[in-house]
Amino acid sequence: TPRETQAGEPLSNMATGVVIDRYIGDASRAPSRRWHNTMFVQNILHQGDPDPAKQGNPGAVLVVNKSLDLVTLPGRNVTPLEPWGDQVIAYVTGGQGRLDDGTNYWDLKEGVAFIIPPGQAHRFTNPGDSTLKMLVYTQVMPQQGITPRQGILVRDTNLMGMSEENVHWSNMSKFVFQGNDGMAGRILLVYMGPQTIAGPHGHVPGTEEIWTKVSPGPSIMQIGSEIRQWRPNMAMKAPPDGHTVHAAINNSNSLQYWFYFAQFP
């Protein structure tokens, strides 16, 4: 007769009182607002108190970041050449376009990521017919220990190799940006193979770890004792209470990947 191990399962969400929908954001359920003249923005997550012991509005759980948004620029549109007050970290998920600072320019396509430091003049142009789509973090600067970079930094993640293998059982990662790039925290792309699950684990208070689904196809998020369907442009912040576990489950027959942010205490 098989014997049980001595490992104990964590308490259920009903026992801990964690309301997991506070930590989930979905762009498809957010109203679209005009942003910087010709762009449109749908909020996914925004600033708030992430303490699970306190009540709060859904999605209001960010501390390091001001907001996480889905930003779109329709075809045949251009934004003004102007500085923004906050730092912008973005990943292009669809369409094509161009980013410039009045002197230099960079072509944008799916897989291109960039950092625009605060006060840096820049402009987005979409000369085609398809919509340019980006996941955008807005960070309030300065932050302790972080020196903003000088000038725009652009990287094509399609040309990057994997930096991590089999983290939490199944995660394969590309390191896109880190602290020495002039940002708070770090940005990764995390890939999972077909029919795999990441090892459920929790994070301590002071952690800001955010997973945003990019690829289409069915997948599931686990937060504590509950699960939710995970669609593109839908994000989850891991509850930072030290015991509510989280994990991604790829229940499809194709490769899936996530746009990931983390800063640890």
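This is a predicted model: local features need pLDDT of at least 70, side-chain atom pairs count only at pLDDT 80 or more; totals for chains, interfaces and linings use all residues.
Conventions. I number residues from 1 along each chain as its sequence is written, and I use heavy atoms for side-chain values, with hydrogens and water left out. Local features need pLDDT of at least 70 and side-chain atom pairs count only at pLDDT 80 or more, while totals for chains, interfaces and linings use all residues.

Aromatic pairs. I found 10 aromatic pairs in the structure (rings of Phe, Tyr and Trp, its six-membered ring, with centres within 6.5 Å; planes under 30 degrees apart are stacked, over 60 edge-to-face, the rest tilted). I looked up Phe-114 and Phe-124, a tilted pair at 5.8 Å centre to centre with 45° between the planes. The pair links distant parts of the chain, with Phe-114 in strand S11 (residues 112-116) and Phe-124 in strand S12 (residues 121-126), 10 residues apart (strands are DSSP runs of E, at least two residues, numbered from the N terminus).

Charge over ring. I noted that the charged end of Arg-98 sits over the ring of Tyr-105, 3.8 Å from its centre (CZ of Arg or NZ of Lys within 6 Å of the ring centre and within 35 degrees of the ring normal). The charged end of Lys-213 sits over the ring of Trp-258, at 5.6 Å from its centre.

Lining of the largest cavity. I listed the residues that line the largest cavity, among them Trp-35, Trp-84, Phe-114 and Phe-124 (a cavity is a set of points on a 1 Å grid over the protein atoms alone where a 1.4 Å probe fits but cannot get out; lining residues have an atom within 4 Å of a point). Strand S8 (87-94) and strand S13 (132-139) each supply at least two residues of this lining.

Conventions
Helices (H or I, at least four residues) and strands (E, at least two) are DSSP runs, numbered from the N terminus. On a 1 Å grid over the protein atoms alone, a cavity is a set of points where a 1.4 Å probe fits but cannot get out, and a pocket is an open set with protein on both sides within 12 Å along at least five of seven lines; lining residues have an atom within 4 Å of a point.
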